[in-house]
Amino acid sequence: MTQGPVVLNIYRGGWCPYCNLEMQALSSILPELRSRGVNLIGLTPEMPATAEDTVTANKLEITVLSDKGNQVSADLGLVFILPEKLRPIYKHLGIDIPANNGDQSFTLPVPATYIINTDGIILYHFVNVDYTKRVEPTVLLSELDKLLSTI
């Protein structure tokens with residue numbers, strides 16, 4: 001791992017197809033990120049073993065950390081409670097949020113991507129409450145290039 005900036009990608013979980021597509025897209029630009037001295041870290045509320053299953057299933061070379069209880073996501077103002085009316089739909093689809101996350105809170109993060117410098121300062125963020133909207137890898141690389149030219 002390099003000592004440069006970090007791209008932190010917060011995602012809902014391996015059960016989310018949009019999250020998996022996003023993580024695969026970010027994984028595809030990993031060589032370009034590394035060539036810029038940038039670390040890529042995924043963050044999910046899922047338990048570590050569940051998160052590791054996602055990494056393995058998607059053949060990702062990304063470091064993924066578990067945000068138990070959505071503590072980091074809550075600090076960033078990203079956490080919401082899955083509405084009661086949606087829970088049976090998730091259950092019918094085989095998505096067990098409490099089992100995946102190791103608690104009964106039914107809390108999830110709004111997906112988000114941050115560029116954080118070595119001083120821990122957020123230099124860029126992409127957050128959209130529409131979980132189908134994610135930062136495009138080319139946009140992320142372009143933002144990184146602009147930021148790195150000023151560091």
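**Figure 1. Asn101 in helix α6.** Asn101 sits in helix α6, which covers residues 97-101. Helices here are DSSP runs of H or I with at least four residues, strands are E runs of at least two, and both are numbered from the N terminus. This is a predicted model, in which local features need pLDDT of at least 70 and side-chain atom pairs count only at pLDDT 80 or more, while totals for chains, interfaces and linings use all residues. Residues are numbered from 1 along each chain as its sequence is written, and side-chain values use heavy atoms, with hydrogens and water left out. Asn101 is buried, at 2% relative accessible area. Buried means under 20% relative accessible area, exposed means over 50%, and partly exposed lies in between (1.4 Å probe, protein chains only). The side chain of Asn101 reaches the backbone oxygen of Thr107 at 3.4 Å. Leaving aside residues up to four places away in sequence, Asn101 touches Pro45, Glu46, Met47, Thr107 and Leu108. A contact means heavy atoms within 4.5 Å.

**Figure 2. Phe106 in the loop between α6 and β5.** Phe106 lies in the loop that links α6 to β5 (107-109). Its phi is positive, about 55 degrees, although Phe106 is not a glycine. Most residues other than glycine have a negative phi. Phe106 counts as buried, with 17% relative accessibility. Residues up to four places away in sequence aside, Phe106 touches Phe80, Ile81, Leu82, Arg87, Ile97 and Pro98. The C-alpha atoms of Phe106 and His92 are 15 Å apart in space, and the two residues are 14 apart in sequence.

**Figure 3. Lys59 in the loop between α3 and β3.** Lys59 is found between α3 (48-57) and β3 (63-66). Lys59 also has a positive phi, near 50 degrees, in a residue other than glycine. Is Lys59 buried or exposed? Lys59 counts as exposed, at 72% relative accessibility.

**Figure 4. Leu147 in helix α7.** Helix α7 covers residues 137-148 and holds Leu147. Leu147 counts as buried, at 17% relative accessibility. Which residues does Leu147 touch, not counting residues up to four places away in sequence? They are Ile115, Leu123 and Tyr124. Leu147 and Ala49 are 98 residues apart along the chain, and 34 Å separates their C-alpha atoms.

**Figure 5. The protein chain as a setting for the close-ups.** The chain has seven helices and seven strands. From the N terminus on, the elements run β-α-α-β-α-β-α-β-α-α-β-β-β-α. The radius of gyration is 15 Å, close to the 15 Å that the globule rule gives for 151 residues, so the chain is as compact as a globular protein of that length. The radius is taken over C-alpha atoms, and the rule is 2.2 Å times the number of residues to the power 0.38. Along its principal axes, the C-alpha trace spans about 50 × 30 × 25 Å. Of the 151 residues, 47% count as buried. Among contacts with a separation of 6 or more, 65% come from residues 24 or more positions apart.

Notes. A polar contact is a pair of N or O atoms within 3.5 Å; within protein, one must be able to donate a hydrogen and the other to accept it, and residues adjacent in sequence count only if both atoms are side-chain atoms.
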